[in-house]
Structures are given as C-alpha cells and as structure tokens.
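Here is a short briefing on one protein chain. Keep the structure open while you read.

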Amino acid sequence: MPEEKILLDKATIGRSLTRIAHEILERNKGIADCVLVGIRTRGIYLARRLAERLERIEGIRPPVGELDITLYRDDLTEKGEQPHVRGSEMPVSVHGKTVVLVDDVLYTGRTVRAAMDALIDQGRPQMIQLAVLVDRGHRELPIRPDYVGKNVPTSRSEVVAVQVVEIDGQDQVTIRTS
C-alpha cells in the first residue's frame, strides 16, 4: 500500500507564494517589465496567484500568460496517444520583457526546456526566470529555478503531486511512493 504524506498544506502554499512574490520584486527591482507565464496546467493557477500577491504588494498587476508545451515535449513520440493541444495565450508580447515561467514541480528539467522553446516561439524575452512551488531534484538537464517554494529531496520512485483548488478542490502538495 503506497504511503502518502502531505508536504505543503493550503497555508504553507500561500506563504511560499507570498515569499516568491517578494523575491521576484526584489530581484527585478519591481515588476514594470515582467510577465508571468504559467506552464499548463497547474502552473497557470500558481502564476495567477503570484500576480494577485504582486498586485497587493506593489499596486501593479503583471500580465499573466498561459503556455501549452504539448508539441514541444521531447517524449511526445513515446506517448502512444494523440496529444491534446489547448494553445498558449499571451496577453502582451514577451519581446524584451522579463518572463517568469511558473510551474508546480521541477523534476528532470525537460518540461522547462520545452517551455523555453515554446516561449521563444512567442518572441524574444530579455530574460527568462523560473519559479516553482516544489523542486524535487533529479535533473537531467542543466536547469535551475530562480524561485522555489520548497526543496524536497526525493527518490525516483516517489511521486510529488500538487493539487490546486481551481482544479482539484483543495490546495496541497503530497508525496507518495509509487
């Protein structure tokens, strides 16, 4: 029977996102030229929450885009099913902007690589930064997050699952053995 443990609850997720928002402001000296871009699916909701926090702190709400990386994945041919492409939505041009990519879990780095490829097809950002709620290690590519909610050392047999209220009805991060 797989054992499941809660790593982050609703309150801890909220505090982590608030801290990340402050770190984004500090590092970029404000958010005037920043665009938050959530990686489908849960990264979009985390990006929106970060934008809300940034607006509360700074009085300015950064634009939030949605990035669908489906066709940029390097494992597309390994998945036997037809990919479900929803498309990307950018409220502003990313050209010349500081783009903060937002995702729920950073693992091998392959999702982020695909996201950078998809993003660059949208325009040429001045800079790309990465914010993740959970960094679980085991990188296969040289990718490192700029902002992390929680570092969680894991084994490859463990599964980190992020739930957000907008999709799953609750906010929590769990870890379980597969």
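Just past the end of α2, G59 has a positive phi of about 85°. The model is a predicted one.

**Helix α2**
- Helix α2 covers residues 42–58, which makes 17 residues.
- The buried residues of α2 are G43, I44, L46, A47, R49, L50, A51, R53 and L54.
- These buried residues pack against two helices, α1 (10–28) and α4 (165–168).
- They also pack against the strands β2 (34–39), β3 (64–67), β4 (98–106) and β5 (127–135).

- D171 sits in the loop that links α4 and β8.
- Its relative accessible area is 14%; the cut-off for buried is under 20%, so D171 counts as buried.
- The side chains of D171 and R49 are joined by a polar contact of 2.8 Å.
- R49 is itself among the buried residues of α2.
- Setting aside neighbours within four places in sequence, D171 is in contact with D9, K10, I13, R49, Q163, V164 and V165.

**G65 in β3**
- G65 belongs to strand β3.
- G65 has 0% relative accessibility and therefore counts as buried.
- Not counting residues up to four places away in sequence, G65 touches L36, V37, G38, E89, M90 and P91.

**The three-stranded sheet**
- Three strands form an open sheet in the order β1-β8-β7, and the pairing is antiparallel.
- β1 (4–8) and β7 (158–163) are the edge strands; each has a single partner strand, so one side of each has no neighbour in the sheet.
- From one strand to the next, the twist averages 25°.
- Strands of a sheet pair through backbone hydrogen bonds.
- β1 pairs with β8 (residues 172–177) over four bridges, in the antiparallel sense.
- Within β8, R176 is the bridge partner of E4.

**Annotated motif**
- An unreviewed UniProt entry annotates residues 99–111 as "short sequence motif: PRPP-binding".
- In the model, residues 99–111 are 62% strand and 15% helix.
- The end C-alpha atoms of this span lie 16 Å apart.

Key
Residues numbered from 1 in each chain as written. Predicted model: local features only at pLDDT ≥ 70, side-chain atom pairs only at ≥ 80, totals over all residues. Heavy atoms only, no water. Pairing = 2+ DSSP bridges. Axes fitted to C-alpha atoms, helices over the stretch in contact; angles between N-to-C directions. UniProt positions renumbered as here; feature names shortened; annotations may be inferred. Expected span 1.5 Å × (residues − 1). Buried < 20%, exposed > 50% of the residue type's maximum accessible area, 1.4 Å probe, protein only. Contact = heavy atoms within 4.5 Å. Polar contact = N/O pair within 3.5 Å; in protein donor to acceptor, adjacent residues only side chain to side chain.
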